[in-house]
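Student: I would like to go through this model by question and answer. Please show it before we start.

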Amino acid sequence: MKSIIIGLVIAISGFSYSQNCSYIFLGEVKDFHDGTPIESATIYIKESDKYIISDFDGKFRIENLCSGTLTLTISHIGCETKTVSYTIDNDVFKIISLEHHLEELNEVVVNSHLKTEGTSIEKTINKADLEKYTDKSLGDALNSVSGVSSLNTGNTIVKPMIHGLHSSRLLIINNNVRMFDQEWGDEHAPNIDINSSNKVEVIKGANTLKYGSDAIGGLILVQPKKYVAQDSLFGSTMLSLNSNGRGGNINSELVKTYKSGFYGRIQASYKQFGDFKAPDYYLTNSGLKNSNASARIGYRTFEKGFDAYYSVVSNEFAILQASHIGNVGDLVAAINSREPRVIEDFSYNIDYPKQNILHHLAKIEAYKRFKNFGKLSVQYDMQINRRKEFDLRRGNLADTPVIDLRLFTNSLQTNLNIDAIDNLKIDTGLLVRYQQNDAVSGTGISPLIPDFQKYDASIYMIGNYDLNESSEISAGARYDFTRIEAEKRYNLTDWNDTYNYDELFPQFETNNIDNSKILTRPEFTFHNISANLGYSKQFNSDISLFVNYGLATRVPNPSELFSDGLHHSAARIETGLLTLNKEIANKFVASLERNNQNFGFSISPYFKAINDYIQLIPVGITTTIRGAFPVWEYNQINAQIFGVDIDVNKKITDKFNYKGSISLLKGENLSQDIPLIHMPSTNFTNSISYYNDELNQLSINLIHKTVLQQNKFPDYNFYTFNPILQEDVYVDISSTPPAYSLFSFNSSVSFKAFKTGTLKLELNVENLFNTKYNEYLNRQRYFANELGRNINLKIKINY
């Protein structure tokens, strides 16, 4: 036995001594983008639990290696840490590339102040602030940004405006997908659940060419969260309850991440409100129901990855019953009355008139980085929007929508980011898009918007160059091709006599004439050139100057070209014009900013000159079978808009802070020397906050907002004959409501509820003193007051 053991020991020893442990590993650490060596990178050798440092040339050497696996973890300040493994069976030489551009890492830095576009004028609403609006809309959240207001239909349909411009003049990008959801309508709100986003960025300047050429107003980026590559499972649930409307919202999300770079997220929310209440009465038929869900999976490393996303948004909005007029007498009575003509007890019922909208969005995006070159991304996205608008109807058509539109949009786009050249970054890309609108038959009414097909193709290039360590310049250009093909029937009288289309567009005519209506097939082709130029200067650690110029072009949307009939949810006749030209805007924006917690500010003046500005204005009243309605027509003028946004923050003490903002704007119709319609008035906000981190993160805020009366408005008032009174009556649809001031209060506190989670409680009071007021930019201001006091309680659990 002893001899056997000795033999085994000798055999094992002989094997050990025969193993070759004289291999050498030579490594070189380089920048992924331009191949320059990275000095003083830390290399951790897992097998020997030792650290070494790369030299001036980025090189390092490991000696006396045995056969087997060598695992290295390479890190460097400002770089993404990288772990690599190699099989050692000989001497080895490897080049290891690290990402050494800080802007690539900002997606995992929670408190980053880096801009999406380096020379742009941006404002960001982070996740914590978005959660204050969990039971409200994107438009409500954006109203907290200076220079941003909204065009409302009641309090539930909120359409964002930037510097007085909205609808097709704003680009809304949701998860890198441009939203198309019949945004042309004044009472068509974006179909986005803010609970599915991580932050919202408002870009007021001209740096929008990557996303489109027609952002005359600006750009709204709804951004998802970028997850750190680690093994983790976390989520949250938030419940929000409100006294006004006796409803609220519940939202839950669950996220799973992996160290390998894979991640997944699911999210869902449900919101319901009954009739809301003004200070003195209920707003009959003003409730809503929203059901929303989203799912996301992906894989992300520095060099490659993909992201797949799907969301569905289902909205049901009641339209204030008192806002639907039957004749000119109703309109005059509503304007002159202090109360709505219909006031009933509280109810959760959503009756006619109402809107039903279902919006599907899906996208898949993949990217790949190439050494010493850049990053290539490819994305396909698809949207389906179904909009139904219901009116007060009788008989067999009582439950049939008066407008039923199905909009299908799909896009394919590529983006190439070239960052291998020192101090220069180039973005270039291509886009093709196909869109089809189907005016679903069976409504019993001629469609307001006809069937059409729209084709888009675009190419752009943007360059950002660092002049020095404190200055950057950017420039870009974009070309867009657009073709619209429609099919629509016109009254022969309108086609031949009212608009002379038979002489202007004989090529659109067919020989199909039925019941005094002619079938036409309009076709339009547009070629657009857009450009931008930006400059930024960092004067010291916290003061910066940003200057932007942009040339933006926007083609008329199908609503502006083809509208012809009663827009029921807007309670007016709308008439388009085939002779409309594209809008051309020159935009100048500047901003002087100080980013300092003790005392910070931003002063942002802007000027926009818009040739062939398309506006929708009231021109009178006409009588239909449904009743008498105001007539609004599209026309074109030359316009200019200028103003300034000012933000200030001041640290009063360690626990008290002040924030204030003011927005001033003036819009002018240069062609007629009158003010532009629907321009927001001067408004300012002041808030004082208290925060104590040691007292369970206690936060208390008091906010005061004042909106002055808009004294610069066009006079589109008119006289019309009232058949009941048998006399002409004066219809004042232009005069603006008086100024108002609102106070609101909010507070929150957080507790460590269990081992790995927190519980956050939040109490908010809106319109603290139950003030009675009307908002000029609310389309229902003729019919009812705005909302009275609302008490809101939010409960959030992080787990």
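This is a predicted model: local features need pLDDT of at least 70, side-chain atom pairs count only at pLDDT 80 or more; totals for chains, interfaces and linings use all residues.

Student: Is Phe 588 buried, partly exposed or exposed?

Tutor: The relative accessible area of Phe 588 is 41%. Buried would need a value under 20%, and exposed a value over 50%. Phe 588 is therefore partly exposed.

Student: How many aromatic pairs does the structure hold?

Tutor: Two rings pair if their centres lie within 6.5 Å. On that basis the number of aromatic pairs in the structure is 29.

Student: Which class does the pair of Tyr 499 and Tyr 501 fall into?

Tutor: The ring centres of Tyr 499 and Tyr 501 are 5.1 Å apart, and their planes stand at 15 degrees. Planes under 30 degrees apart count as stacked. The pair of Tyr 499 and Tyr 501 is therefore stacked.

Student: What class of aromatic pair do Tyr 549 and Phe 588 form?

Tutor: For Tyr 549 and Phe 588, the distance is 5.0 Å centre to centre, with 40 degrees between the planes. Stacked needs planes under 30 degrees apart, and edge-to-face needs over 60. The pair of Tyr 549 and Phe 588 is tilted.

Student: How many residues apart in sequence are the parts that Tyr 549 and Phe 588 tie together?

Tutor: Tyr 549 lies in strand S29 (residues 543-554). Phe 588 lies in strand S32 (residues 583-594), so the pair ties together parts whose separation in sequence is 39 residues.

Student: Is Tyr 501 buried or exposed?

Tutor: The relative accessibility of Tyr 501 is 2%. Tyr 499, at 23%, counts as partly exposed. The cut-off for buried is under 20%, and Tyr 501 therefore counts as buried.

Student: Which residues does Tyr 501 contact, leaving aside its neighbours within four places in sequence?

Tutor: Tyr 501 is among the residues with the most contacts inside the largest nonpolar core, which has 33 residues. Strand S25 (471-491) and helix H7 (558-562) are among the elements that each supply at least two residues of this core. With neighbours within four places left aside, the contacts of Tyr 501 are Tyr 490, Trp 495, Pro 506, Gly 576, Leu 577, Leu 578 and Thr 579.

Student: How many residues are in the second, separate core?

Tutor: This core includes Leu 283, Leu 288, Ile 573 and Ile 733. Its number of residues is 30.

Student: Which residue lies over the face of Phe 390?

Tutor: In one case of a charge over a ring, Lys 256 lies over the face of Tyr 258, at 4.8 Å from the ring centre. Over the face of Phe 390, at 5.2 Å from the ring centre, lies Lys 354.

Student: How far apart in space are Leu 492 and Ile 513, C-alpha to C-alpha?

Tutor: Leu 492 is in helix H5 (residues 492-498) and is partly exposed, with a relative accessible area of 24%. Residues touched by Leu 492 include Ile 513, Ser 516 and Ile 518. Leu 492 and Ile 513 are 21 residues apart in sequence, and their C-alpha to C-alpha distance is 8.5 Å.

Student: Which residue takes a positive phi in the hairpin of S26 and S27?

Tutor: Strand S26 (residues 509-514) and strand S27 (residues 517-520) pair in the antiparallel sense over 3 bridges, with Glu 509 opposite Thr 520. The hairpin has 2 residues between the strands, and the residue with a positive phi near 55 degrees is Asn 515.

Student: What is the handedness of the disulfide of Cys 21 and Cys 66?

Tutor: Cys 21 is joined to Cys 66 with an S to S distance of 1.8 Å. Cys 21 lies in the loop between helix H1 (2-18) and strand S1 (23-31), and Cys 66 in the loop between strand S4 (59-65) and strand S5 (68-75), so the pair ties together parts 45 residues apart in sequence. The torsion about the S-S bond is about 105 degrees, so the disulfide is right-handed.

Key
Residues are numbered from 1 along each chain as its sequence is written. Side-chain values use heavy atoms; hydrogens and water are left out. A disulfide is a pair of cysteine sulfur atoms within 2.5 Å. Helices (H or I, at least four residues) and strands (E, at least two) are DSSP runs, numbered from the N terminus. Two strands pair if DSSP finds at least two bridges between them. Rings of Phe, Tyr and Trp (its six-membered ring) pair if their centres lie within 6.5 Å; planes under 30 degrees apart count as stacked, over 60 as edge-to-face and the rest as tilted. Buried means under 20% relative accessible area, exposed over 50%, partly exposed in between (1.4 Å probe, protein chains only). A charge sits over a ring if NZ of Lys or CZ of Arg is within 6 Å of the ring centre and within 35 degrees of the ring normal. Contact means heavy atoms within 4.5 Å. A nonpolar core is a set of buried Ala, Val, Leu, Ile, Met, Phe, Trp, Tyr and Cys residues joined through side-chain atoms within 4.5 Å.
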